[in-house]
Amino acid sequence: MPQNISVPDIGDFDSVEIIEVLIKVGDQVNENDPIVTLESDKSSVEVPSPFSGKIVELNVKVGDKVSKGTLLAKLKSSESNANKIEKKQKEQLLNENKIEKENKIENTNSNQVIKKVFTQSSSKDDLDPVETREWIESLNAVIQNDGPSRASYLLNKVVSEAYTAGLVLPDTRTTPYINTIPTEFEVKSPGDQNIEKKIRAYVRWNAAAMVVKANKISSELGGHIGTFASAATLYDVGMNHFWRAKNKDFGGDLIYFQGHSAPGMYARAFLEGRFSEKELNRFRQEVDIGGLSSYPHPWLMPKFWQFPTVSMGLGPIMAIYQARFLKYLINRGLLKDEGRKIWVFLGDGETDEPESLGAISLAAREKLDNLIFVVNCNLQRLDGPVRGNGKIIQELEGSFRGAGWNVLKVIWGSYWDPLLKADKTGLLMKRMNEVVDGEYQAMKAKGGAYVREKFFGKYPELKELVSSMTDNDIWKLNRGGHDPHKVYAAYHAAMQHKGSPTVVIAKTVKGYGMGKSGESINTTHQQKKLDEQDLLYYRDRFNVPLTDEQVKNIEYYKPAENSEEIKYLKERRRNLGGFIPERSSLSKPIKAPPEDIFESFMKSTGEKKMSTTMTLVRMLTNLLRDKNVAPRLVPIIPDEARTFGMEGFFRKIGIYAHEGQKYEPEDSEQLSSYKETKSGQVLEEGITEAGAMSSWIAAATAYTNHDIEMIPVYIFYSMFGFQRIGDFAWAAGDAQARGFLIGATAGRTTLAGEGLQHQDGHSHILASMIPNCVSYDPTFSYEMAVIFREGLRRMHEKNENVFYYITTMNENYSHPEKPKGADEGILKGMYLFKEYKNKGKIKIQLMGSGTILREAIAAAKILSEEYGVDSDIWSVTSFNELRKDGMEVERKNLLNPNEKKEKSYIQKCLEKRDGPVIAVTDYVRSFSDQIRPYTDKPFYSLGTDGFGRSDTRKNLRKFFEVDKEHIVAYTLSALAQEQLLSTDNAEKAFKKYNIDKKKAFPTKL
Ligand SMILES: Cc1ncc(C[n+]2csc(CCOP(=O)(O)OP(=O)(O)O)c2C)c(N)n1
Ligand SMILES: [Mg+2]
């Protein structure tokens, strides 16, 4: 018996048009293969076949209007329905079992780190210390006899009992101010500590020497010494023991280095033999080839740096989405799961940036156990303490724990262990808890005697505890982040942890080892000069084997190639697969999709009206049918799919969700139902432009970070693009991202009702500032198709390091056929759309872009028919690209005064054409003004300068004076100004169109 394929529930629409029929009688189709494409005035969706089988009857054709229930085709099913349902149920069951299993694994894991229970000091609110001790002893007995998971169970039970009894529960966001991993559970480093210490000393020395040398060359140069000095151990332990490089057998861990710790990475690479002395001497002198960039900039050092991180806050959030994207690639079957990790280094001050912590809840929600943050808590930022009156470590612990992270605090070094052990009453821990960061910082600036007095001196018992220690012994009580054993133990635990991301919060000293010149003092951050005494002190502090003379000459120190240090260092890296950082790409270009995918867009849509956003959605739908392109597309949407008519993608390719869908969606019956799946392709980011952009950057650089070319298409409300996430876009340029950014609902007057904060009149200006961003403001479907096709070719077939910004609109209109030979002009930025040359004697060059080109076209008709003014109408797809060409040609001509002048593309277009230029866009005038210098014609710009506001498109265009009436009237006036026409015409037009000359300039309204 043939089965009916009917139109399923299509939401709010009564009758929608079939725009494509994708099957014919006799075709064999699989379940979910598209049967037809439906299009409303807002979106287009494919109707998938509910079963596999052979099409035996086709009941519709292109152009038919259909509604829910309309019969589309009949199909002879190859599988009985009952079978199918059974199969589905089985799949679901399997899925559920898997999720349950995963949860179990996670629970067991979280119990593996055994926590010690400390006896607290008796305090005033402890009415019965004996009873307290009994409780604690009971707990310790349970840990000893039944294990930590039983103890946790009992505690949880007690807490939930207390909660139901209405008791006030303790605030459990933070734990005591001690290391998370008890000493007895620390995994020991297998490394040779003596050699590692020496290596670290050399790296420290060379990093500082490099900065001081650069500063000697010019006081304009220099860098930062204090930051790396505080982080050297944190990096070194990673480099020697944890970070696996990319090579032919492994994808590589990805390390986001804290931007201004860059000197330390160069200094290590120097010991590894990757940079010469000469190159170190070129730190921050990058204009001539071979210099080392101030900070991590892949654009400037494309074989070295992978991630631009120095604009603080961007690194952490980009890394979170990088970790998520890695899981996405794995879950979609595009990449093997090799247990790769993403490590992120950030400063404690950097956590002030909203971006740094803004996405940590996502990391926990997505269970990103491939992600490890290391926060270097040297307690200082640039000007002073991060939390003078508070404790940044505790604050961060609270935030990360609250968000669901595995938190590992590394506060105290090994020298504290015996003291903490001897602290039977918990008084030392109490003191550690009560001292604020401002004091902790001062203590490291002021020496052992000061610490004895201020820290231990508060309580006689503590003073007694350290009475046998000299001031120097006290001074040596180290902080966790400078102790390789503690750091190793934390990193090891972080590597083993499953089910959530880990943050290692390490306490360090800013300017560690710099002594009076910069250790733990407020001015440390800016310190880039060390005088002779400081250098000698630094050398002695770390035992760097340089003579006084060599120190005075600020020589680098590198032991011989066959020294044990160099052999050790190289062997460690060899064991870990190669050097880090290193940037490379082994990705293969994507095979070009067939031309016919784009062909339908080159034809006129006839009566049919649609927006360029719909064109894009249609085009993506077509591309999703191409077997080479489809799997590489990454549609990224921050909760606006329905605004852009993209909800059809939900069901078609699924929304990525690492846990699949644990619920039946409310709209499951509908064609565009909300389908979340583990292998989903759409990244539905929620309301986070910064997050969505970070996802886009991860996908756009997958070609280097994962050796797979992906095609990210991030569609945002154009106003909430560059304006909101401009710094990310800049970083994307640095990272050599390849992909599409789509500024949808663009144009100040085209997004009508939304008002001032929504209406974009300048995103193209912002885009134009990024050197490798190619941007377009197309009007018609064929322009869009030509541009998108070329973007695919340049970026993903030819691997050019550019990215595309294209604006799309939500205004529906019909689209003409592509004029013959227009392709080249579309891509270069302008082409002749239409010429009026039949009637008038006076001519103008009328330029327009986006939807406002249509106002220009309408104005041209009026000018020709009513005023005898002919126009050449230019569709300017990119004022930005035209300007780039103009600037380059002008420069060349200036450089070669004796040679024949080259012509810019604009000049070539306009040289044989008469009349002034009237340029009109839905953007601020400076957008079109950009090309003014490259034509010798009189130039008049009309644009949408000023704040937007909500109203109809017609009223807005009138308000901003970019409607056809204003174009006509202003053109007539411009012609009068050029003495090509009498002034009467303009005056009459102003009257005719009721143009109020007294109205203020829109920027003032
Ligand atoms: C977005 C941004 N704002 C300001 C700066 C300038 N800046 C560079 S380092 C720094 C202080 C950093 O403090 P912290 O994060 O604690 O790092 P530390 O050097 O102490 O390790 C500032 C303000 C920057 N690089 N990026
Ligand atoms: Mg800091």
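These are legends for a handful of close-up views of the predicted model.

The model is predicted, so local features are reported at pLDDT of at least 70 and side-chain atom pairs at pLDDT 80 or more, while totals for chains, interfaces and linings use all residues. Residues count from 1 along each chain as its sequence is written, chains are lettered from A and ligands numbered from 1 in the order in which they are written, and side-chain values use heavy atoms, leaving out hydrogens and water.

**View 1. Helix H25, wrapped up by the rest of the structure.** H25 covers residues 689-700; helices here are DSSP runs (H or I, at least four residues), strands are E runs of at least two, and both are numbered from the N terminus. From first C-alpha to last, its 12 residues reach 16 Å, close to the 16 Å expected at 1.5 Å a residue (the expected span being 1.5 Å times one less than the number of residues). Because 12 of the 12 residues are buried, H25 is largely enclosed; buried means under 20% relative accessible area, exposed over 50%, and partly exposed in between (1.4 Å probe, protein chains only). Among the buried residues are Glu689, Met693, Trp696 and Ile697.

View 2. The structure holds 63 salt bridges.

**View 3. Asp236 and Arg200, part of a salt-bridge network.** Asp236 bridges to Arg200, with the closest N and O atoms 3.8 Å apart. The two are 36 residues apart, Asp236 in helix H5 (residues 226-242) and Arg200 in helix H4. Asp236 is buried, at 3% relative accessible area, and Arg200 is buried too, at 8%. Arg268, Glu272, Arg274 and Glu582 are also linked into this network.

**View 4. Asp417 meets Lys486.** Here the N to O distance of the salt bridge is 2.9 Å. Asp417 lies in helix H12 (residues 417-422) and Lys486 in helix H18 (residues 484-496), so parts that are 69 residues apart in sequence are tied together. Both Asp417 and Lys486 are buried.

**View 5. The cis peptide bond between Ile580 and Pro581.** Omega for this bond is about -5°. Pro581 is in the loop between H21 and helix H22 (596-599).

**View 6. Arg284 and Asp707, two non-glycine residues with positive phi.** Phi is near 65° for Arg284, which belongs to the loop between helix H7 (277-280) and helix H8 (314-331). For Asp707, phi is about 55°, and the loop in question runs between helix H26 (702-705) and strand S19 (711-717). Arg284 is partly exposed at 22% relative accessibility, and so is Asp707, at 23%.

Key
Salt bridge = Lys/Arg side-chain N within 4 Å of Asp/Glu carboxyl O.
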